[in-house]
Amino acid sequence: MVVVRAAKRVWAWFFEERNCIFQVFYLTLLTISYGVLVTEAWGSLGLGDQIIAAFFALSCAGLFFRVSLADPGVITLANIRDQQVYADHDALYPRGRVCRTCKTIKIPRSKHCRVCDHCVARFDHHCIWVNTCIAKHNYNAFFCFLVTNVCGSAHLVYILCAYFIHKMTAKIANAHDLSRDFASQVLTEIISSPEHARVAFVASLSIGVWFLVSLLLGCQMGRVVRNCTANEHFKRQRLRKDHAEDDPAPKRPVALDMAWGGVGLVDEVAAQALSVDDIERNPYDKGVMYNMRDAFDLGAKDKSS
Ligand SMILES: [Zn+2]
Ligand SMILES: [Zn+2]
């Protein structure tokens with residue numbers, strides 16, 4: 001039992017409390033990736049690729065700190081009037097609720113983040129990688145951070161593949177066998193040799209980062225266009241499920257929500273009393289241009305509120 005309790009405590013510390021472990025992990029991977037590039041392959045790059053690599057390394061680090069340190073849009077008694085800019089939504093944001101911790105009214109599109117322990121305006125999700133809420137004031141930087149990571153990892157994959165192909169070309173230049181099979185055998189030997197293990201590791205890591213962050217960016221782009229936050233997406237998913245069942249499903253554990261980027265538990269709503277239209281209605285979707293201005297905090301005004 002002691003082991004189970006200890007395991008639960010460690011899990012909670014990792015995923016349900018604010019801590020910098022994933023921030024340190026990200027910065028370590030970023031440093032290793034560009035460190036290996038500089039020490040192993042920098043000389044083989046053209047000036048253009050060197051400038052692009054330096055730009056992405058600095059942009060990833062800069063945006064990481066910008067997202068991590070910016071005020072995401074914390075709601076206080078002093079600023080709650082200014083934050084109250086969105087229309088009501090009976091299903092997602094029932095009127096008249098008060099946050100028991102912050103003692104403020106739960107305004108539409110806000111949420112109390114259990115990890116950070118504060119209410120935030122236009123809450124999207126809590127991101128463990130930057131150790132903060134992604135919400136009204138830092139969503140734009142977060143989106144740019146995703147774009148930069150996708151482009152930076154794609155560029156790393158490209159230059160490291162070019163590095164390996166350059167090595168292969170040099171090796172087979174004087175060989176008599178110019179068949180494709182021989183070339184691919186030489187390439188495989190180069191990639192798997194201990195001498196190039198670090199470059200191969202960074203190339204594999206970059207492929208993984210590119211794939212996973214592209215998926216996340218695709219989800220975020222779809223939500224920006226529809227003006228639907230991750231929090232609203234998961235709330236609707238939960239309400240649809242409850243609405244379809246006579247006996248509402250038990251709440252998902254926090255851990256599962258954390259796996260999706262730390263979206264907290266869905267607030268209690270009597271889903272059975274709501275119609276499908278109530279759940280699906282999206283008063284925040286006012287066309288792509290407005291939706292983008294709203295998501296990126298560019299001064300969009302919701303006139304219906
Ligand atoms: Zn609160
Ligand atoms: Zn948070």
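Reply: A crossing is called left-handed if the near helix is turned anticlockwise from the far one by less than a right angle, and right-handed if it is turned clockwise. Helices themselves are DSSP runs (H or I, at least four residues; strands are E, at least two), numbered from the N terminus. In this structure, the crossing of helix 5 and helix 6 is right-handed. This is a predicted model, in which local features need pLDDT of at least 70, side-chain atom pairs count only at pLDDT 80 or more, and totals for chains, interfaces and linings use all residues. Residues are numbered from 1 along each chain as its sequence is written, while chains are lettered from A and ligands numbered from 1 in the order in which they are written.

Me: At roughly what angle do the axes of helix 5 and helix 6 cross?

Reply: Axes are lines fitted to C-alpha atoms, for helices over the stretch in contact, and angles run from 0 to 180 degrees between N-to-C directions. The axes of helix 5 and helix 6 (residues 180-192) cross at roughly 120° and come within 9 Å. Angles under 35 degrees count as roughly parallel, over 145 as roughly antiparallel, 65 to 115 as roughly perpendicular and the rest as oblique, and helix 5 and helix 6 are therefore oblique to each other.

Me: Which residues of helix 5 and helix 6 meet?

Reply: Two residues are in contact if their C-beta atoms, placed from the backbone, lie within 7 Å. Here Phe 164, Lys 167, Met 168, Lys 171 and Ile 172 in helix 5 meet residues of helix 6, among them Phe 182, Val 186 and Ile 190.

Me: What is the angle between helix 2 and helix 5?

Reply: Helix 2 (residues 21-41) packs against helix 5 (residues 139-172) at about 25°, with the axes 12 Å apart. That makes helix 2 roughly parallel to helix 5. The contact involves Ser 33, Leu 37 and Ala 41 of helix 2, together with Leu 156, Ile 159, Leu 160 and Tyr 163 of helix 5. The crossing of this pair, helix 2 and helix 5, is left-handed.

Me: How is helix 2 placed relative to helix 7, roughly parallel or oblique?

Reply: The axes of helix 2 and helix 7 (residues 197-226) cross at roughly 135° and come within 10 Å, and the two helices are therefore oblique to each other. Their crossing, that of helix 2 and helix 7, is left-handed. Among the residues that meet are Leu 29 and Glu 40 in helix 2, and Arg 198 and Leu 205 in helix 7.
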